[in-house]
Amino acid sequence: MIHWKNRTHRGRSILNVKMRATTARKKRQRVLTLWSAWLLGLSIFGGMTWFGVAKTLDRFFYSNPAYNLSELTLELDGIMTGEDLVEITGIQPGDNVFNIDLAAAGEKLRVIPIVQDACIERFLPDRVKITLVSRRAVAWVARSHSTDTPYDPFAMLLSDDSGFLMKPLIVRQEHHQLPVIHGLEESQIESGRHVENVDFSAALLLLRHIRLQSLPLLSINWIDISKGYCLDARTTNGSIVKFSPMNFTPQLEKLDRLLEHCRDTGRKMDSVNLMVMRNTPVLFAMAPLPPELKPLTTPAKSKPKSRN
């Protein structure tokens with residue numbers, strides 16, 4: 001009898017375990033179904049909301065003609081024309097101001113070497129302002145080492161005070177007044193790069209000293225850095241000046257005194273070697289000889305007639 005009682009108890013235990021497992025499985029399925037239905041409903045609601053918002057934005061903003069660009073304010077600092085800007089950025093009147101990618105347009109402008117900074121602002125409902133700041137050019141850089149090469153701004157690059165080279169989109173009037181630096185290696189002349197060259201840096205430093213010391217009588221036409229141990233410069237008056245590549249202040253002070261002497265005396269200086277601080281060798285142009293005086297001709301005296 002005990003044996004049968006044990007079998008009956010074991011059967012009931014197995015049946016209870018199966019019922020609990022079935023109940024747990026159904027509960028999990030019910031929870032999973034509820035979560036799936038909730039997520040599906042949330043997705044449908046989110047999609048409908050997004051679609052509604054998108055349609056609303058498109059209707060009231062992106063496709064609204066009230067927000068079409070009608071005023072494009074340009075402050076280009078002489079870098080480019082308005083047509084150039086439209087071609088580079090793609091921004092033009094009639095575009096919806098919300099469809100204009102200001103960040104992308106600004107990046108396209110900043111990669112231009114002569115552009116130091118670019119700012120694009122949107123003013124609702126229909127205005128965009130673009131402001132460019134140009135790098136300040138201080139000299140031209142010639143590809144030719146010969147100082148006799150004819151002046152051609154389209155064959156040269158501009159350099160700012162730090163030695164950054166740039167190709168101008170527009171050659172402005174003030175660019176024609178800049179000196180030309182000769183003697184830089186062809187491999188170093190590339191728009192959009194800084195030049196790492198000691199002699200080139202010395203030439204830029206010389207030009208900086210000339211600007212800071214405000215020498216009204218001195219105007220540099222070109223600088224030749226090819227020799228390495230000195231800087232040869234030619235003034236607009238045709239004088240050849242040899243500079244030491246360091247300690248420019250006393251050299252420029254002495255040159256200024258020489259130029260004042262030439263101005264006061266009317267003499268013309270052919271060349272000067274400022275590397276020699278004492279007893280500086282200066283060569284002056286020979287003054288033109290005065291026109292030869294024609295000899296005065298006196299009428300021949302008539303011989304007295306003899307009396308017979």
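**A helix crossing and its surroundings**

Guide: Happy to! Helix α4 passes helix α5 in a right-handed crossing. Please keep in mind that this is a predicted model. Helix α4 covers residues 198–213 and helix α5 covers residues 248–265. Their axes come within 10 Å and cross at roughly 55°. Which residues make the contact between α4 and α5? From α4 come Ala202, Leu205, Leu206, His209, Ile210 and Gln213. From α5, the partners are Phe248, Thr249, Leu252 and Glu253.

Glu75 forms a salt bridge with Lys129, and the closest N and O atoms of the pair are 3.7 Å apart. Glu75 belongs to strand β1 and Lys129 to strand β3, so this pair ties together parts that are 54 residues apart in sequence. In the whole model, the count comes to twelve salt bridges. Side chains of opposite charge can pair when their charged atoms come close.

Most residues other than glycine have a negative phi, and most peptide bonds are trans. Asp77, which is not a glycine, has a positive phi of about 55°. Asp77 sits in the loop between β1 (71–75) and α2 (82–89). The other stop is the peptide bond from Leu124 to Pro125, which is cis, with omega near 10°. Pro125 is found in the loop that links β2 (115–123) and β3 (127–134).

Val31, Trp35, Trp38, Leu39 and Leu42 make a nonpolar surface patch of about 530 Å². One of these residues, Trp35, lies in helix α1, which spans residues 2–62.

Note on methods: Residues are numbered from 1 along each chain as its sequence is written. This is a predicted model: local features need pLDDT of at least 70, side-chain atom pairs count only at pLDDT 80 or more; totals for chains, interfaces and linings use all residues. Side-chain values use heavy atoms; hydrogens and water are left out. Patches are made of residues with over 30% relative accessible area and no salt bridge: like charges are joined within 9 Å, nonpolar side chains (Val, Leu, Ile, Met, Phe, Trp, Tyr) within 5 Å. Accessible areas come from the Shrake-Rupley method with a 1.4 Å probe; for residues, only the protein chains shown count as cover. A salt bridge is a side-chain nitrogen of Lys or Arg within 4 Å of a carboxyl oxygen of Asp or Glu. Helices (H or I, at least four residues) and strands (E, at least two) are DSSP runs, numbered from the N terminus. Axes are lines fitted to C-alpha atoms, for helices over the stretch in contact, and angles run from 0 to 180 degrees between N-to-C directions. A crossing is left-handed if the near helix is turned anticlockwise from the far one by less than a right angle, and right-handed if clockwise. Contact means heavy atoms within 4.5 Å.
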